[in-house]
Amino acid sequence: MKNLLGKKFCYDSRKIEHGCVFVAIKGNKVDGHDFAKEALKKGASFVVVEKDMNLSNQIIVDNVIDFLLKLAYVQLKAKKVIGVTGSSGKTFTKEILNSLLPGSFKTPGNMNTEVGVPISILNEYKEQEVAIIEYAMNKRGDIKRICKVIKPDVGVVLNVGRQHIGVAGNFENIFYGKMELFQCSNILIYNANDERMIEYVETMNKPKVSFGMKKGDVSLLEWSYIDNITKAKYRIYDEEKKVILNDIFHRGHLLNIAAAVAAVIGADQKVCWECLEKIKNVKGRFHWKNVGGIRIIDDTYNASLSAFDVAVETMLKVNAKRRLAVVGPIFEQGKFSKETHERLSKILEKLDGVFILDGYEGSEYIKPKNIIVRAKNKDKLAEKVVNYLRNGDIVLFKASRGVMMEEVLYKVEEMLK
Ligand code: ADP
């Protein structure tokens, strides 16, 4: 098994790199075993499979994912492993930790599943002393499966929300699914604003560092915006620390920073405060830009209730003529879809007006009192938005990934230029 270390691992038969080790993953829709032969033909050096496929260079294992996890465990030699999970902010927190701990390894992009985590360690980990690993879940047991092998020294649970509740089944499943990271970790970084999480960690006899809004060992005390700058004040145990960030960050981001600082303290490392000056929001993720006197917030990458909440809160905190939003639904809510979108409507009612993209599952339940227009056609909606916008307005674009709200945004930008 060890002689596979150092080789590139691949699992998508459309993206075979010469010499890679193809692992046959059984997904919901596709079974990688059906592509093992093709992978060898395309240049894979080995295929890892769960049954005899009568192929040259096949390695038969009981379970491909367990095999990958064990191999990744052997490869990962970091002195400190920091694990991050939560309903929102995992990616952001991982990036912040990576900035606060220069030279650390992080799992890239959304390589945060039982397949993504081991493959990214096998392909990209290069003996860094600190590793930051994102753990995602859809259902109970997902995080446990990864973290019982790839065990964090420090485990961060940012928050527990209603994302993917339609898949998880209910809130209990989401909560206990996330708590699996605490079960695996030696040091717990928990949210001091979440009563349920506090109750849970209090039963665990492990060292802890907490973070939160006006609460916790690392506490966000206040924040404000001046032009494109965010000023935040934190308290770390007894000491106050003022931070200036060169972009607009919402309360969720600022709490994620508190969580990251708590994790660095938990990992016994030094916080590189000046590293925070360089952080920026990227395209699609609460990215602010000025187009012809109108401030556009490109938050099209994804959506959840809590992310809408913090986005709207920020819009209310900055100067603007009118605060508007172009929105689509939040997916994966199952039987909770109506309730989620009713709550979303309440959040949106704090703004001056809302444009709604219809025709997607859940759109019909978005009914704030301040609707300006609803339309199914993205181009038509964009046109209506552009006709309505005036200098000094601020406008948020947000919906679940599958909606591809960026198509409306690009059209609006094109017309505004
Ligand atoms: P994840 O990787 O968990 O999906 P991201 O960092 O990609 O999280 O952020 C996803 C969305 O959630 C973005 O819209 C972002 O602005 C928002 N967000 C990030 N952190 C928080 C937080 N702590 N609370 C609420 N919303 C957040």
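1. Rings of Phe, Tyr and Trp (for Trp, the six-membered ring) are taken as a pair if their centres lie within 6.5 Å, and the pair counts as stacked with planes under 30 degrees apart, as edge-to-face with planes over 60 degrees apart, and as tilted for the rest. On that basis Phe175, Tyr176 and Tyr200 form one aromatic cluster, and a search of the whole structure gives seven aromatic pairs.

2. The model is a predicted one, in which local features need pLDDT of at least 70 and side-chain atom pairs count only at pLDDT 80 or more, while totals for chains, interfaces and linings use all residues. Residues are numbered from 1 along each chain as its sequence is written, and side-chain values use heavy atoms, with hydrogens and water left out.

3. On the overall form, the secondary structure of the chain comes to 13 helices and 19 strands, where helices (H or I, at least four residues) and strands (E, at least two) are DSSP runs numbered from the N terminus. A compact globule of 417 residues would have a radius of gyration near 22 Å, and the 23 Å of the chain agrees with this; the radius is taken over C-alpha atoms, and the globule rule is 2.2 Å times the number of residues to the power 0.38. Along the principal axes, the C-alpha atoms fill a box of roughly 65 × 55 × 40 Å.

4. Of the 417 residues of the chain, 55% count as buried, a word that stands for under 20% relative accessible area, with exposed meaning over 50% and partly exposed in between (1.4 Å probe, protein chains only). The chain exposes about 18,900 Å², of which carbon and sulfur atoms supply 47%; such areas come from the Shrake-Rupley method with a 1.4 Å probe, and for residues only the protein chains shown count as cover. Among contacts (heavy atoms within 4.5 Å) with a separation of 6 or more, residues 24 or more positions apart account for 62%.

5. Returning to the aromatic residues, the ring centres of Phe175 and Tyr200 are 6.0 Å apart and the planes stand at 85°, so this pair is edge-to-face. Because Phe175 lies in helix 7 (residues 171-184) and Tyr200 in helix 8 (residues 195-202), the pair ties together parts that are 25 residues apart in sequence. Phe175 and Tyr200 are both buried. Another edge-to-face pair is formed by Phe286 and Trp288, with 5.7 Å from centre to centre and 75° between the planes; Phe286 is buried at a relative accessible area of 1%, and Trp288 counts as buried at 9%.

6. Two charged side chains also deserve a look, a charge being said to sit over a ring if NZ of Lys or CZ of Arg is within 6 Å of the ring centre and within 35 degrees of the ring normal. Arg285 lies over the face of Tyr301, at 3.9 Å from the ring centre, and the charged end of Lys317 sits over the ring of Trp223, 4.0 Å from its centre.

7. An open sheet of nine strands has mixed pairing and the order 6-7-5-8-9-10-11-12-13, where two strands pair if DSSP finds at least two bridges between them. Its edge strands are strand 6 (105-106) and strand 13 (239-245), each of which pairs on one side only. Within this sheet, strand 11 (residues 218-226) and strand 12 (residues 229-236) run antiparallel and are joined by eight bridges, and Val218 has Ile236 of strand 12 as its bridge partner.

8. How many of the residues of strand 19 (residues 394-398) are buried? Five of its five residues are: Ile394, Leu396 and Lys398 point one way, and Val395 and Phe397 the other way. Strand 19 pairs in the parallel sense with strand 15 (residues 294-299) over five bridges, and Ile297 stands opposite Leu396 there. Strand 16 (residues 323-327) also runs parallel to strand 19, joined by five bridges, with Val327 opposite Lys398.

9. Two loop residues may be set side by side. Ser400, in the loop between strand 19 and helix 13 (406-416), is buried with a relative accessible area of 4%; leaving aside residues up to four places away in sequence, Ser400 touches Asn302, Ala303, Pro329, Ile330 and Phe331. Asn54, in the loop between strand 3 (46-49) and strand 4 (58-60), is exposed, with a relative accessible area of 72%.
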